[in-house]
Structure formats: structure tokens, C-alpha cells
Protein chains: 2
Amino acid sequence: MQQIWKEYQEKNKNKFLNELLDLLRIPSVSAKSEHKADMLTCAEAIKQRLLEAGADTVEIYPTDGHPIVYGEKITDATKPTVLVYGHYDVQPAEPLDLWNSGPFDPTIIDGKIFARGSCDDKGQMYMHIKALETLVQTNTLTNNIKFCIEGEEEVGSPNLGKFVTSHKELLKADCVLISDSAMISLDTPSLDIGLRGLSYIEVEVTGPNRDLHSGVYGGAVANPITILAKMIASLHDENNHINIPGFYDDVINATTEERALMAKAPFNEEEYKTDLAVKELWGEKGFSTIERTGIRPTLELNGIWGGYTGEGAKTVLPSKAYAKISARLVPNQNSDKIADLLINHLKKIAPACVTVKATLHHGGEPYITPIESNAYKAAAKAIEATFNKQPIPVRGGGSIPICSLFEKELGTKVVLMGFGLDSDNLHSPNEKFDLANFYKGIETIPYFHQFFAEM
Amino acid sequence: MQQIWKEYQEKNKNKFLNELLDLLRIPSVSAKSEHKADMLTCAEAIKQRLLEAGADTVEIYPTDGHPIVYGEKITDATKPTVLVYGHYDVQPAEPLDLWNSGPFDPTIIDGKIFARGSCDDKGQMYMHIKALETLVQTNTLTNNIKFCIEGEEEVGSPNLGKFVTSHKELLKADCVLISDSAMISLDTPSLDIGLRGLSYIEVEVTGPNRDLHSGVYGGAVANPITILAKMIASLHDENNHINIPGFYDDVINATTEERALMAKAPFNEEEYKTDLAVKELWGEKGFSTIERTGIRPTLELNGIWGGYTGEGAKTVLPSKAYAKISARLVPNQNSDKIADLLINHLKKIAPACVTVKATLHHGGEPYITPIESNAYKAAAKAIEATFNKQPIPVRGGGSIPICSLFEKELGTKVVLMGFGLDSDNLHSPNEKFDLANFYKGIETIPYFHQFFAEM
């Protein structure tokens, strides 16, 4: 097959790219209500592209939030079915002033597409549509492919669960295939076998009932920023362990063997530090960087604000201070349980001079892919076919909360075949996706379908 | 005199008020460059009002920042001269959503003028212009009055020093009179005999060189928000003493007598707590609330920001976090010395996983008014004439950095005759000034000029 696929893809290289660039021009930011219309535009675009690529039917399903695009190409009902999951929504682009080009004005520099969503996940999701097109146009599709492309991944998929539960028959498949993660590099291909879960909360600390003059009241009334800082400071101990009673209770510690295997993955600490321009790394004592981002739960401050943050100086003692805090979870930790733990802990440690409100933003469960599954084996074989190397199984640090949802509701295993890189600036200014990775993904995915159909 | 002044003021009550409201409609926010034109408009308005009130000459002096309005009414060069200082600039109005009416759309409710600057300092400064008018129109002015109304008080008066130093002859006076502070209440009049100094800095903590995905890098790279929180948390110890070596070195502690006198000032802790809606107060162990805001130095967080602060959730590990921090200083502490101490301390306690930049915003020296001075005595006598009560001398918590400047450059004592209230929401949403206080100020000030001229 290789030759016929390769020829088709080589001929349509520029078309594939231009179509992706058009998609990247739509500011489909799910977190911001002002982009509601853009979300619909983007869903419509995905529908059109799926139909053009050869899907039999495509439907836009409204939800209480942003719509879900479902499409399918059924070749032979007796053959295995792959459900491709992806998302067309993107993270907010702020801070805008740190972008070198417009986040929704995709710009190609040195073989990389710079745009919000280029990698996460429009670029990676689109590889699957172009793989479908390759298989259909070359008459080589032997299995069935379904697509479930949602618009709320970046806000925690609040409406996907209801959709999946009420459309089990529609979504029925023999495996779920997702490209929404990274590989080590094109030289060292890898497959994610684990993802961390997430508990994301927001905390509001209120001191006095109004902003005060810091000269008149300062020193006599609790400053909510100071109190919030003290609360945050207490969340990690001097070894950077998370200092919340019960936080680690459900963690299944990695075995010595697993840790030994992880230690073999290529990692250069000096290069890592240079890339980030930091003099020293920071993390939980007793664990390596790869372990800290893979097998250990973490607690990060995602945002903080309070008081006067504008130009110049204002001598205010503010009424309120806020923080966004999220924990990444490892297998056996439960997202709701940890969120409750966090919320209750913050309320408990707050001194009586302030009041604390803490609310859940969203969460997701940790996930492990079994490397004995047919889906994993097909993915590993596909990677080998196009990279000429066996992929390294790794535990990723990010979260795709819907993995455990699919497993629970559809009873199917999920395989995570990501083609991004850790250096793609996901969720950051100047997000990018290498053209080489984009094309390599389109090249590899048809093999996955072929091998999975043969298993 | 009383009757003739009272009659004139009673007749012109509404005119005085309407003129002030016009002044309050000009958004003269000195901290924000977008208001540069409004600052000029406001300076022009002050000039016109001074001329209308009877000043002989009024001049707008440009500076490197916002202009200074100087005016004078010289009656007899052999008579004492009072230099009135005030400011026409105001604090930023943010957060706007907490105002019940537009900050620059003055609204009168229950006998109070709600507007940014109503008390601090347009309303109080304007009392002096109306007092001049009263004296001129009733032909009762016996001394000389000079006005120095600046436009940069709220940003630390960066250009006033240069102006004063280069215009010593112009500004020459026998005392400086300022109404830019509060009294206890109309029932319990008071005069400020001390003001705290100020050191205001801004700190920037940089972790990685770009915003990162908190799932991919979290737990392995220092989060600047977490580090900044730990740094802030360490600035006060468990007794809420400021935990910076050397911070208290130069503090002259109040004597037992002085503390005993302060303890006699009317203060109801339950009312104070109810007004602020806090369950508990917060402050340095071993000191009362009045001491904490009067005779003790303090360290307050005026603002903090970093990471994602918008709607919804973003899983970012930010590159930078910022805070605005200011210290209030008591006699013998030096503003520059404390600023250096703060900046160096923050740099010193920063761990190697981040870099810290700290810069000075502005500062000012603490000040004490001697109660034996003629100016203080004239002020006390004026208060007694219109309130029928002796004023209580108090140490104010705020800062008017120019007091020590005037004393140093002009060799004159400053008297602080404030007619605001602590509850006026200075620097906060819904700043207000009671009409009763406004009119009481206009009534009292002519007595000051009369008594000072007679001393």
C-alpha cells in the first residue's frame, strides 16, 4: 500500500496544509463566551472537511455548550471499527503580546506552523481526516472509521459524557484512537501509555468588604493577597511534596522496574534547562524530572490576581484575591475526591480574618493504556512502518479526561498516538506544529487502520 | 467675622457644590498615560477657579510629568503667608464594577458626594479655594495665601521636589496648610500630627522563559506564582512582625506616655469589624489597632498577578508572576533605605530556580508636626471656633510624602487639617465626601487664616 498512499499524499501536500491553515484562522476558543459564533463556524468547517474526505454521513450535535461533530465511513459492518477522537476548540491565546505573530494568523517559519491550535489539537485532529481521505481516494480502506470531534476539551469536556452515554450505539467501536499528545521526537518515536488526571479549582479569598486605603487600614486588617500567599506557600513542603493530608493516599507508586525503564528514556537535563532558560529545576525530592512529570501527582498555580495590577502604583489594601489551582493526578487517584480534598483543605487552613470560597472548574481521571491491547500493538507497528523504529512507551504528564470516559461507557481501549513535541508551546504563546510531524502523522495513520483491521 | 462669612457661604452653598461637581467630572487619573489630556483640563479648571476666587496671579507650571498650578493672593507683604498645598490628581478608579455610580459622574446620596477624588483630594483642596473666595468677597483677608496644587500626588510626586527646590522664593511662606487627611468624626474633631512614610516597589519573578503546559512541565519547573507566594508568605512571621532583617532598626518606638494617650482616642473594635465585615482583625502582636495604623511600620501587598486570570480554566504554568508591595514607615525610617532593604531582601530569598527583578515605584518620608508650632495652634483654635471642641491630636496611617520636602526646602512647618473620614473609601470604589464635612471645612479655614495672622 505504501507507494499508493505516499503518491497521493505527496501530490496533495499543499492542499492538506492550506486546509489546515484555514481551520487555524478560526478563533475557536471554548473558554470565552465571545467566541460562541466562531465555535459554530469551526464545527461547520470540520463537517465539510469530513464530507469532502469521504465520510458517508456527518452530523453536528448540539450540546448545552459547544457542539460535537460526528462523522463516519462504514466500509463493512463485520470489520473492526476505529473511533477517532479529537477536538476543534483551542486554549485562550493570552498573553497576546508574547506572540511573534497573530495566534489566529498562522505563519510558517522554518518548517513550523505557528498558531493557536496548530498542534493542540486542530493540526493533529486534521491528520486523521487527511488519512481518511488518503484511504478513500486510493480505495484502500478496509475497516470502519468513526469521528467524534468535540469543542470543549480545553474546558474539561463538560458535555461529552452525556453525549457519549446517550449515543453508545452510534459511537460503538473496537478501539478509540487519539492524537492529542506528544512523542519524544521524530528520531525517538514514542507512544503515551498513561495520562494524568486533573482537578482544577478556583479560590477566592475575601478580607474586608471593600478595597481599603493601605495607609489607613494596612497593618490592622488582613490583606487577602498576603493570606492567599501564605495559604499557597503551605501547599508544598520543603521537599516540594504536596502538603495536603490525604493527597497521596490513593497513589499507586510505580514499581522499581517501571522506574528503571523510565530512566532509560533519552533525557538531557542541561538541554532541558537551556531550552527553558532556568538555572535550576524544581520538583519533588526523590524523583527525576521524567518521573515528576509522568508518574507523580503535582499541584500547580495556573493564575493569581488581586488588588491593583495596572500601570503605576496604587496604595490599596484589596478586598479580594484569587487563584486558579490545578492538580495532575496519577492512576487510582480520583478527580472529584482530590478536588474536594483541595477545596476543603483551603477552607480549613484559612485564618478567621478572611473568608474563602473555592469552586471546582473541571476535572478528569488518570488513564493507563495496556500495551498488550490490539490497538496499542497496531499503533506500535504503524509507527515502526513509517519511522523504522519501535516506539518507546511513556507516561505523559498532560490529561485527556475523556480516556476513562470512553473506556467506561464504550468498553473500548484508548490508544494515544501523538505526533506533537513537548516543545510545541501548547497552551503558551507561539504554539507551533512542525510540518514534518504533521505529514508524518498523515503517513502513519493509514497503517494503523490497516494493521488494526488485520488483527 | 463669623456672621459675615457664614452669610456669604450660606448664600453660595449650591454654587460651591456645583463647582466641585464639575471638577469631579474630569477624570484626572495621574497614573494612567491615557488621561494626560484630562490632567491639563483639570489644571486649567483649577487656574480659572483660583482667579475667580480672587487670586491675583495664577500660573500653570509644566513639569516632566503633570503640571503644577500655582496661585497667590498677597494682601500685605509684612503679614504672615500661608502656603496651601493640595492635589488635583486622583487614584485610578478600578475596579469599576464595584462602583454603584460612575466614578466620574458625581452622585449625591444621603448627603454624600460619591465620586473619585470627592475627598482625596479635589473636595478638600476646593474647600481652600472657597475659603479664599469667602475672605476676598467679604473683604476680611488679613494675611497672604499661596496655593501649590499639584497633579502627581497619587503617583508619589516625582516632579514636585524639583519644582519646590527651584521656586523657593515663590513658595516662601510661614506655614504650609494641607487638607488631605481625615478627622475622627464631626463629633470628635482631630488633627493629624504625624504621617507615615512610604516605600513602594514592584517585583517580577520569572521562572521558565515562556508560559508552559502545566501538565507537561508542572512538577519539574519552578512555578513563579508558587515561588512568589512563598516569598510573600515569608515577609511576616507568625506574630505578623515584618520578617526582614534590619526593617525595624531605625524605628523610634513610641513612649509609654504616648501609647497611653493614644489608647484614650475613641475606638470601638466591634464597630470597626462590623464596618469592614471581618470576623477577626489582623496585625502585629503586642499593638492595638490604633497603634498598628499609626505608630508602627507596615508592609502591604497592593497587587498581585500572574498566569491566566480570565474566564474559565487554562492549564498554564506561567513564565512570570508580579506583585506590588509597599511599606508604611514611621519616624526615623528612611524611604530609600527601606526600599533598598526590601528589594535586596526579595532578591536574596529568591531560590535559584527563578530570577527576580525588583524596582522602586516611589516613596516618601514619615513626618511629625510639632503641636507647639503656631500653625498647629491656629488650626486647633480654628477647629474649636467652628466645632466647639478641642481637636484630638492623632498619628495618621497614610502618607503625604511632600511634608518632609516642604520642611526641608522651605524651612516651614506643615499643619494637616483634614476634613475627610476614614470611611470615605479613599483609593477604593465608591469614594465619598460628606457634604457636611465639605461645608465645615469651608467654614473653618477662614478662622485658620485669621488666627494664624494674629499670632
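## Backbone details in the loops

With 13 C-beta neighbours inside 10 Å, Ala277(B) counts as partly exposed, because that class lies between the limit of 12 or fewer for exposed residues and that of 20 or more for buried ones. The model is a predicted one, and in it Ala277(B) is placed in the loop between α8 (269-276) and α9 (289-294) of chain B. Although Ala277(B) is not a glycine, its phi is positive, at about 60 degrees. Most residues other than glycine have a negative phi, and most peptide bonds are trans.

Another positive phi in a residue other than glycine is that of Asn388(A), near 60 degrees. Asn388(A) belongs to the loop between α12 (374-387) and β16 (392-395) of chain A, and it counts as exposed because it has 8 C-beta neighbours inside 10 Å.

In chain A, the bond from Asp120(A) to Asp121(A) is cis, with omega near 0 degrees, and Asp121(A) lies in the loop between β5 (112-114) and α4 (122-137) of chain A. In chain B, the bond that joins Asp120(B) and Asp121(B) is cis, with omega about 5 degrees, and Asp121(B) is found in the loop between β5 (112-114) and α3 (122-137) of chain B.

## The nonpolar core and a helix with a buried face

The largest nonpolar core holds 262 residues, and the members that touch the most others are Ala379(A), Phe448(A), Ala379(B) and Phe448(B). When neighbours within four places in sequence are left aside, Ala379(B) is in contact with Leu191(B), Val415(B), Met417(B) and Phe448(B).

In helix α13 (residues 402-410) of chain A, the buried residues are Ile402(A), Cys403(A), Leu405(A), Phe406(A) and Leu410(A). Seen down the axis of α13(A), these buried residues fall within an arc of 160 degrees, so they line one face of the helix. After α13(A) comes Gly411(A), whose phi is positive, near 70 degrees.

## Where chains A and B meet

The contact between the two chains involves 82 residues of chain A and 82 residues of chain B. On the side of chain A that touches chain B, the elements that give two or more residues are β10 (212-213), α7 (224-233), α10 (289-294), β11 (298-307), β12 (316-317), β13 (320-329) and β14 (355-364) of chain A. The largest share of this side, nine residues, comes from β11(A). By class, the residues of the side of chain A that touches chain B divide into 32 nonpolar, 33 polar and 17 charged.

Strand β11(A) also pairs with strand β11 (residues 298-307) of chain B, in the antiparallel sense and over five bridges. In this pairing, Ile304(A) has Gly306(B) in β11(B) as its bridge partner.

## The two domains of chain A

Chain A is divided into domain 1 (2-195 + 366-454) and domain 2 (197-251 + 297-364), and the C-alpha centres of these two domains of chain A lie 35 Å apart. Where they meet, nine residues of domain 1 of chain A are in contact with 12 residues of domain 2 of chain A. The side of domain 1 of chain A that touches domain 2 of chain A has five nonpolar and four polar residues, and no charged residues.

Definitions and conventions:
Residues are numbered from 1 along each chain as its sequence is written. Chains are lettered from A and ligands numbered from 1 in the order in which they are written. This is a predicted model: local features need pLDDT of at least 70, side-chain atom pairs count only at pLDDT 80 or more; totals for chains, interfaces and linings use all residues. A nonpolar core is a set of buried Ala, Val, Leu, Ile, Met, Phe, Trp, Tyr and Cys residues joined through C-beta atoms within 7 Å. Two residues are in contact if their C-beta atoms, placed from the backbone, lie within 7 Å. Helices (H or I, at least four residues) and strands (E, at least two) are DSSP runs, numbered from the N terminus. The arc is that of the directions from the helix axis to the C-beta atoms. Ala, Val, Leu, Ile, Met, Phe, Trp, Tyr, Cys and Pro count as nonpolar, Asp, Glu, Lys and Arg as charged, and the others, Gly among them, as polar. Two strands pair if DSSP finds at least two bridges between them. Domain bounds come from an automatic or database domain assignment.
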